[in-house]
Amino acid sequence: MIYDLIVKNGSVVFHDEVKKTNLAVKDGIVVEIGDDIDGEADVVWDAEGHYVFPGLIDVHVHFNEPGREDWEGFSTGSSMLAAGGCTTFFDMPLNGVPSTTDLEALRQKGKIGEEKSFVDFGLWGGLVPGNENNLAPLVEKGVVGFKAFMSPSGNKEFAAVDDNTLLNGMKTIAGLRKILALHAEDGAMVQFLQREKERQEKFGPDDYLQSRPIAAEWLAVRKAITFAEQTGCSLHFVHISSAEAVEEIQQAKKRGLDVTLETCPHYLLFDHEHTKKLGAVAKCAPPLRESGDQKKLVDLFLKDQIDFVASDHSPSPWNLKEDETNFFKIWGGISGGQFTLMAMIELAVRYRIPFPKLIHWTSARPAKRFGLDGKKGEIAKGKDADFVIISLKDSFTVEKNSLLQKHKHSLYVNHTFPCKILATFQRGKLVFDNGRIRASKPLGQWLNYDGKGKGAV
């Protein structure tokens, strides 16, 4: 047998164990797993002494193309993700021009992604006031689900939903058997609190945190869950930052609601003291929480009360962040998509989390939630050969010149991880190796979906 790729001698992280073995790949698929693979390969990769993880699935990134490619585009963004061991991502609909709220915008973005992405991708559609009639056509042409904001998005092209839009949108999305992803902060509360701070001429990091309290997140989560109980809509809450919101969502699960939640590595590794120390690179919404609140979130994460993690990579040019005299006006977004998997391994090392459990947060559950588990999410025969080779013998300190994103600023600069990404394979093809993109051309495929939400490349 002549294979395309053999990865030998690696400690392979399966869903239930870590086992030293070999993997054989043909036509982008894992076809053999075992100690004695009989055959040769065009490429043989010796992973002796290293771990082989399934590729990360990041369901929450902002690449801003078309229209704002100068912020981040599919080429630089997917390169960055590949360098971090990500082999599948879902791009959010809001920061492109046009936003992905109708069929033509979806086609335009999908075409760009197919031409430029180095790893596989899916596309979210948007729910905004006035576009409820566009939802069904977007489903027919392949969106993974819909995204809406319950507070201002910061983007004039993507308006937050009012209650009427949210209820009508949920009813429609439920009928389409899709998922609604929500940025859950109560818009009335955060706008009122910001106006109060501005009236008092208080513009610092502490003031920004106080204007977006945990109560605003919890209240929005509770309202959305109440609406979902009336409409039957499946929900996914993005970038949850507080234990109170997690507990509210878990109670909804116990009542039988179809709801999941993600948090981001920056909420698990950093707190408000980092915002005060580092400034604009640490501003996000919801904000990094006080140390005691952050520890509560980490504790629930360790108790497996959070479904999975996503980066919420939200980049911008530095000129949108450089004026820190008013923390309310600087762009709020953390550039961190390159470091999700390494951050999770750091947490695993710190808290002695078994690697098979870790990949449920990084790969298996995202794949299952969005209908990709027939092809992705774990290393198994018959599934896509999406691999990451990782060394725990080497550490990795983030420097600006190691960032593959378009703009070289990040909360993670100078942070040291207890591991290093050595190589990333997309469907058996080497994409990233030794700090560089190795693919001669973009390899990514747009993962379209049928009406039942099952992935079909």
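Author: Helices here are DSSP runs of H or I with at least four residues, strands are runs of E with at least two, and both are numbered from the N terminus. His266, for one, sits in helix H9 (residues 265-269). This is a predicted model, in which local features need pLDDT of at least 70 and side-chain atom pairs count only at pLDDT 80 or more, while totals for chains, interfaces and linings use all residues. Residues are numbered from 1 along each chain as its sequence is written, and side-chain values use heavy atoms, with hydrogens and water left out.

Reader: Thanks! Why is His266 called buried?

Author: Buried means under 20% relative accessible area, exposed over 50%, and partly exposed in between, with a 1.4 Å probe and protein chains only. His266 has 2%, so it counts as buried.

Reader: And what does His266 touch, beyond its neighbours within four places in sequence?

Author: Contact means heavy atoms within 4.5 Å. By that test, His266 meets Cys284, Leu288, Ser311, Ile334, Leu411 and Tyr412.

Reader: Why is Arg177 called exposed?

Author: Its relative accessibility is 57%, so Arg177 passes the cut-off for exposed. You'll find Arg177 in the loop between helix H4 (163-175) and strand S11 (179-183).

Reader: What makes the phi of Arg177 worth a look?

Author: Most residues other than glycine have a negative phi. Arg177 is not a glycine, yet its phi is positive, near 60°. Asn414 also has a positive phi, about 80°, and at 64% relative accessibility Asn414 counts as exposed.

Reader: Which residues touch the most other members of the largest nonpolar core?

Author: A nonpolar core is a set of buried Ala, Val, Leu, Ile, Met, Phe, Trp, Tyr and Cys residues joined through side-chain atoms within 4.5 Å. The largest such set has 96 residues, and Phe53, Leu180, Leu182, Leu235 and Phe237 touch the most other members. Helix H12 (residues 340-351) gives the largest share, 7 residues. A second, separate core of 19 residues includes Leu94, Phe158, Phe370 and Leu447.

Reader: How do you know that S6 and S8 are edge strands?

Author: Two strands pair if DSSP finds at least two bridges between them. The open sheet has 3 strands in the order S6-S7-S8, with parallel pairing. Strand S6 (56-61) and strand S8 (120-123) each pair on one side only, and that puts them at the edges.
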